[in-house]
Amino acid sequence: TASASGTLGAAALDNSGRVVLLNGRTGDRVTLSGAYTGAGPSSLSFDAVMGVDDGAADRLTAAATAGHSTVSFQNVSSAKVYFDTPIVLIASQGGEGRFTASTDATTQAALASQGIVDYRFGHITGGHDWGIIASVNTAAAASVAGHAAAVTTTLNNGVFADTADLIGHPGDEDSWRGQAWARATTGGRTAGVTTTASDPYAPVD
């Protein structure tokens, strides 16, 4: 077992055990001028910040990778958001190394879906890097839109239609009006839907 805090440089690394960068903070580095090779039950562990876009993480950098290793990591942020750019944990210029996410509870908690955002560990398209990738679950997003549409239909056909004769003005439409909004906040992104009923005594023209 090898543990690192800070930066560790070496020519190459043949790993048949564990390389542990896990210490509750990001920024630790293992930099190899040669190849990283995973053998047997080898594993790597990292810290990553998944609560902001362009989140930081520990990283192993090698000229090339070979063999196979299991990768575990923990999210050291208090939240998770969608990020456009994958969080690189293993950076390489080449090689055929393979890496798979650990099934331990901490890693799986970091990869658990958050709302309509899914997370996975895997090969990053366009090179030889491996890391954490975020994507929008289109089925879940469509479901959210579908629920909003269903609520609108229910309000229009039920509540507001039934009360229009009591609180409306002649010529008022029996319909509900809503507004969608999105807001960016420091340290994350949020989106929501807010709905209000128009004041019956001040109808919208």
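A nonpolar core is a set of buried Ala, Val, Leu, Ile, Met, Phe, Trp, Tyr and Cys residues joined through side-chain atoms within 4.5 Å. The exercises below apply this term, among others, to a predicted model.

**Exercise 1. Determine which residues of the largest nonpolar core touch the most other members, and which elements supply the core.**

Step one is to take the core itself, which holds 27 residues, and to pick out those that touch the most other members, namely Leu44, Phe46, Val71, Phe73, Leu89 and Ile90. Step two is to trace the core back to the secondary structure: the elements that contribute two or more residues are β5 (29-32), β7 (43-48), β8 (59-62), β9 (64-75), β10 (87-92), α1 (105-111), β12 (117-123) and β13 (130-136).

**Exercise 2. Work out in which sense β9 pairs with β6, β7 and β11, and name a residue pair for each.**

Begin with β6 (residues 35-38), which pairs with β9 in the parallel sense over 4 bridges; here threonine 37 has alanine 66 of β9 as its bridge partner. Continue with β7, whose pairing with β9 is likewise parallel and extends over 6 bridges, with serine 43 standing opposite threonine 70 in β9. Finish with β11 (residues 98-101), which runs parallel to β9 and is joined to it by 4 bridges, and in which arginine 98 is the bridge partner of histidine 68.

**Exercise 3. Decide whether alanine 63 is buried, partly exposed or exposed, and describe its surroundings.**

First locate the residue: alanine 63 lies in the loop between β8 and β9. Its relative accessible area is 34%, and because this value falls between the 20% and 50% cut-offs, alanine 63 counts as partly exposed. Next compare sequence with space: alanine 63 and alanine 35 are 28 residues apart in sequence, while their C-alpha atoms are 5.4 Å apart. Lastly, list the contacts of alanine 63 beyond four places in sequence, which are Leu32, Ser33, Gly34, Ser92, Gln93 and Gly94.

**Exercise 4. Summarise the protein chain as a whole through its secondary structure, burial, contacts and surface.**

The count of elements gives 2 helices and 15 strands, and of the 205 residues in the chain 32% are buried. Turning to contacts between residues at least 6 apart in sequence, one finds that 66% join residues at least 24 apart. The accessible surface, finally, comes to about 11400 Å², with 54% of it belonging to carbon and sulfur atoms.

Terms used: Residues are numbered from 1 along each chain as its sequence is written. This is a predicted model: local features need pLDDT of at least 70, side-chain atom pairs count only at pLDDT 80 or more; totals for chains, interfaces and linings use all residues. Side-chain values use heavy atoms; hydrogens and water are left out. Buried means under 20% relative accessible area, exposed over 50%, partly exposed in between (1.4 Å probe, protein chains only). Contact means heavy atoms within 4.5 Å. Accessible areas come from the Shrake-Rupley method with a 1.4 Å probe; for residues, only the protein chains shown count as cover. Two strands pair if DSSP finds at least two bridges between them.
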